[in-house]
Amino acid sequence: MHVAIILGGSLLGVGLLLYLHHRLTSTTDKIVVTQTEIEEQSSDEGCCGMHITCERDSLSPVFSDIIEYFDDEELDVFTNRGANSYTPDEIECFRDVLLTLQPEEIAPWARSIQQRGIELPPEVRDELFIIVGEARAERLTTSLS
């Protein structure tokens, strides 16, 4: 009986020590991706198809510190304006730029807009998401066939 109590206590003690060690040294909440890792994972030819999102298609500005312009410098006057504060003519200005972009320029343009502190009007933002979604779906169907 004493042997069972000693073994049980030892197992409980070792388990508690392992649990505390895990809690103190765990890095699950501290995931850091460096720019070098991002560059290693993406190639110049495009996406490998193994990631949920792709740098080329991502609308997040995290992939680049360089602001790229797409012959849209006139949109800089809208910096720090609310998305719902645009007049119909100003909305058309955004729409004109969006509709003149090449398909491969649309996601980088969206990142550029975010980096420049410009909020898209809701109507144009919805159109942007539709265009990007269609381009992703088309690329997925062509890569599967």
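Before you click anything, one term: a residue is buried when its relative accessible area is under 20%, exposed when over 50%, and partly exposed in between (1.4 Å probe, protein chains only). You're looking at a predicted model, where local features need pLDDT of at least 70, side-chain atom pairs count only at pLDDT 80 or more, and totals for chains, interfaces and linings use all residues. Residues are numbered from 1 along each chain as its sequence is written, and side-chain values use heavy atoms, with hydrogens and water left out.

**Stop 1: Ser112**

Select Ser112, which sits in helix α4 (residues 106-115). Helices here are DSSP runs (H or I, at least four residues), numbered from the N terminus. Ser112 has 0% relative accessibility, so it counts as buried. Now show its side chain: it reaches the backbone oxygen of Glu68 at 2.5 Å. Contact means heavy atoms within 4.5 Å, and, leaving aside neighbours within four places in sequence, Ser112 has such contacts with Ile67, Glu68 and Phe70.

**Stop 2: where α4 meets α5**

How do they pack? Their axes are 10 Å apart, at an angle of about 145 degrees. The axes are lines fitted to C-alpha atoms over the stretch in contact, and angles run from 0 to 180 degrees between N-to-C directions. To see who makes the contact, pick Ile106, Trp109 and Ala110 on α4, then Leu128, Ile131 and Val132 on α5.

**Stop 3: Glu123**

Stay on helix α5 (residues 122-144) and select Glu123. Is Glu123 buried or partly exposed? Its relative accessible area is 38%, so Glu123 is partly exposed. Not counting residues up to four places away in sequence, Glu123 touches Ile91 and Arg95.

**Stop 4: the aromatic rings**

Next, the rings. Rings of Phe, Tyr and Trp (its six-membered ring) pair if their centres lie within 6.5 Å; planes under 30 degrees apart are stacked, over 60 edge-to-face, and the rest tilted. The whole structure has three aromatic pairs. Start with Phe78 and Phe94: the centres are 5.0 Å apart and the planes at 35 degrees, so this pair is tilted. Phe78 lies in the loop between α2 (35-41) and α3 (88-100), while Phe94 is in helix α3, so the pair ties together parts 16 residues apart in sequence. Both Phe78 and Phe94 are buried.

Finish by selecting Phe78, Tyr86 and Phe94 together, as they form one aromatic cluster.

How values were computed
Helices (H or I, at least four residues) and strands (E, at least two) are DSSP runs, numbered from the N terminus. A polar contact is a pair of N or O atoms within 3.5 Å; within protein, one must be able to donate a hydrogen and the other to accept it, and residues adjacent in sequence count only if both atoms are side-chain atoms.
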